[in-house]
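Subject: Structure for your files

Dear colleague,

Here is the structure I said I would pass on.

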Amino acid sequence: MKYAFRTLLCLLLTLLCCLTGAQGLEYGGKPLDFQSLERFPSFFGDEQTGSWTVNAYQADALLDRFWDYGMRNSSRTVVFHLAAQGDSRTGVWTPVLRFYHIDGNPINARAVSILTNGRRYDLAAFSQSVDKNRQTAECITVPLNREGLQVVAAMRQSEKVTLRLIGERQYTLTVDRTATTERMALEGQSLIGLDAGLALLDELGVDRYVLWDFSEKAWLREYGWRPQVTQGSLGETLCGQPLSDSMGMLLPDDGGEAAVAVQETLIAHGFLYGTPSWKLNAIAVEAVLRAQKHLGRVPTGCVDEALMQALAQEAPAQLAQEAALSALGANVQLGLERCWFAGGVGPSAGGEELRTVLNTDHVFLAADGVIRNCGQQELQLFLQMKARMLYNGLYAYEAELAVEGCDGTQLDTRLLPLEQARLLVYAELPAQLALDEQAQWSVAFELDGESLVINLK
């Protein structure tokens, strides 16, 4: 049970890097719960943990063929499909791209590289073993953020896509949607099936989804990394040396002058010590992984010109922009950035303060942003401030106010002088109101006789 709560809490609230103020506020759409997901033929849910997974039924049909092919043939094959997984109690979910690989020699993938329309993208991944009909396959899951969905959209428009599964070893294949031989036609059907997967995500409301940082937080807590995409280079040279790989990469165990030049650069930047080897050996690959993680790139363990250029530039990370805040009285400034419906809310980095609706027929409407205490006295939200969620300007629902502290592990109702913190506002209301897509929602704040209204949609 403790693990279930930790997993649930890791799905919750974190402040977006770029706050654009009330006028740029995003609307989170409908909550996704078991009742709304059970209409899908391929739905699995765990009532105890709230976790769920949905595939398009075409993906299940493809997997049936995949397992059948594995039973009848000894040759390796790879299929992939789009899916979605999330938590019904928070409304947080993530699109995922899943690759199934039968070979008998697992890759233990940490990344997948995709070459489509003349561009290569590297995406973070993880592997696990799955079994069916006495067959074992490797399931490689790639969680998708906004950029990852754009890569999938580019794949959808391609006749051919080259894939590279990267881990303890590498496997490269070209998927052709027009192929006719049994194995290649099966792989090509994966490319055709992206239409059904994207339609599934559309039906789930991915175009209205705004909690991408919540999704990233979940993966960070569970696996130690975030959904990530970096664009690679397709150059024919690396560090001035010829490179023959069609995807523009120097792979583990590749040798030659390019491998030596790469290691010299890694040594110069402190990621590798000693004398360069003639090939990119295991120690050098670990150095590459350190460099990629340091630079915020997908850790493939492979080297391309884009990595070398990033090492040369060592560009500083982008700083978060200042939030656009509105004044509430003389001493308080605040702003909201987004809102969403969920069955529970809590601190962004875990903790034990999960707050859930009291009535299962109800739902939270939550909004978050920033609040700043500009006064000389401590601000006690529960005593001094009031907030109400307004439905179409007529119906008011009393809202709770909280600020996040202790590095995102606790919620509090006090704000010290000159302190700025993440603000969470949430109100319990009838669940059917979440289905009203034409609703006009706003939050009315009151403090010391002053008022401020922020429109949510």
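This is a predicted model: local features need pLDDT of at least 70, side-chain atom pairs count only at pLDDT 80 or more; totals for chains, interfaces and linings use all residues.

Overall fold

The protein contains eleven helices and 28 strands. Its radius of gyration is 25 Å, close to the 23 Å that the globule rule gives for 457 residues, so the protein is as compact as a globular protein of that length. Taken along the principal axes, the box filled by the C-alpha atoms is roughly 75 × 55 × 40 Å. Of the 457 residues, 52% are buried. Among contacts with a separation of 6 or more, 67% are between residues 24 or more positions apart.

Cavities

Rolling a probe the size of a water molecule over the atoms shows where empty space is left. In this model there are three cavities of 30 Å³ or more. The second largest cavity has a volume of about 60 Å³. By class, five of the lining residues are nonpolar, three are polar and four are charged.

Ser42

Ser42 is in strand β2, which spans residues 42–45. Is Ser42 buried or exposed? Its relative accessibility is 12%, and the cut-off for buried is under 20%, so Ser42 counts as buried. Leaving aside neighbours within four places in sequence, Ser42 is in contact with Thr53, Val54, Asn55 and Asp60. With Asp60 there is also a polar contact between the side chains, at 2.6 Å.

Glu378

Glu378 sits in the loop between β19 (362–373) and β20 (379–380). Not counting residues up to four places away in sequence, Glu378 touches Asn373, Gln384 and a run made up of Arg414, Leu415, Leu416 and Pro417. For one of these, Arg414, the C-alpha atom is separated from that of Glu378 by 6.9 Å, while the two residues are 36 apart along the chain.

Regards

Note on methods. Residues are numbered from 1 along each chain as its sequence is written. Side-chain values use heavy atoms; hydrogens and water are left out. On a 1 Å grid over the protein atoms alone, a cavity is a set of points where a 1.4 Å probe fits but cannot get out, and a pocket is an open set with protein on both sides within 12 Å along at least five of seven lines; lining residues have an atom within 4 Å of a point. Grid points are joined across faces, edges and corners, and a volume is the space filled by probe spheres set on the points. Ala, Val, Leu, Ile, Met, Phe, Trp, Tyr, Cys and Pro count as nonpolar, Asp, Glu, Lys and Arg as charged, and the others, Gly among them, as polar. Helices (H or I, at least four residues) and strands (E, at least two) are DSSP runs, numbered from the N terminus. Contact means heavy atoms within 4.5 Å. The radius of gyration is taken over C-alpha atoms; the globule rule is 2.2 Å times the number of residues to the power 0.38. Buried means under 20% relative accessible area, exposed over 50%, partly exposed in between (1.4 Å probe, protein chains only). A polar contact is a pair of N or O atoms within 3.5 Å; within protein, one must be able to donate a hydrogen and the other to accept it, and residues adjacent in sequence count only if both atoms are side-chain atoms.
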